[in-house]
Amino acid sequence: MPLAHLVLQYPDWQSGKIRLLAATKNRTALAAFKKAALEEAHLNLLGCDDAVLRIEYEEELHKLEKLLNALIPDNAESDND
C-alpha cells in the first residue's frame, strides 16, 4: 500500500498556482493530522442545524474516517520514518 504524505501548500495568487512548501511522511505527524481532521469534521457535524446538510456532513465524516483509517492506521505513531 502506498505511504501517505502530509503536505503544506500555499496559494500563489499572482501565478494562480499552489506552492508546495513542505512534506513529511512522519507517522506521528500523520496521526496528529488524522486526529485533528476527524475532530474538525465531527465538530462540523455537531454544529450543523440544517437537517439536509447534516446528512451530507455525516456521510462526509464516515467517508473521511474510512479513508484516513486506510491511509493512516491507528498504530502509525509507533513506526516513525
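With a relative accessibility of 53%, Y10 counts as exposed (over 50% relative accessible area; buried is under 20% and partly exposed lies in between, using a 1.4 Å probe and protein chains only). The model is a predicted one, where local features need pLDDT of at least 70 and side-chain atom pairs count only at pLDDT 80 or more, while totals for chains, interfaces and linings use all residues. Residues are numbered from 1 along each chain as its sequence is written, and side-chain values use heavy atoms, leaving out hydrogens and water.

Y10 sits in strand β1, which covers residues 6-12 (strands are DSSP runs of E with at least two residues, helices runs of H or I with at least four, numbered from the N terminus). K17 belongs to strand β2, residues 17-24. Its relative accessibility is 51%, so K17 also ends up as exposed. Once neighbours within four places in sequence are set aside, K17 is in contact with Y10, P11 and D12 (heavy atoms within 4.5 Å).

Now for K34, part of helix α1, which spans residues 27-46. What does the side chain of K34 make polar contacts with? One partner is the side chain of N69, at 2.7 Å, and another is the side chain of D74, at 2.8 Å (a polar contact pairs N or O atoms within 3.5 Å; within protein, one must be able to donate a hydrogen and the other to accept it, and residues adjacent in sequence count only if both atoms are side-chain atoms). Not counting residues up to four places away in sequence, K34 touches N69 and D74 along with L68, I72 and P73.
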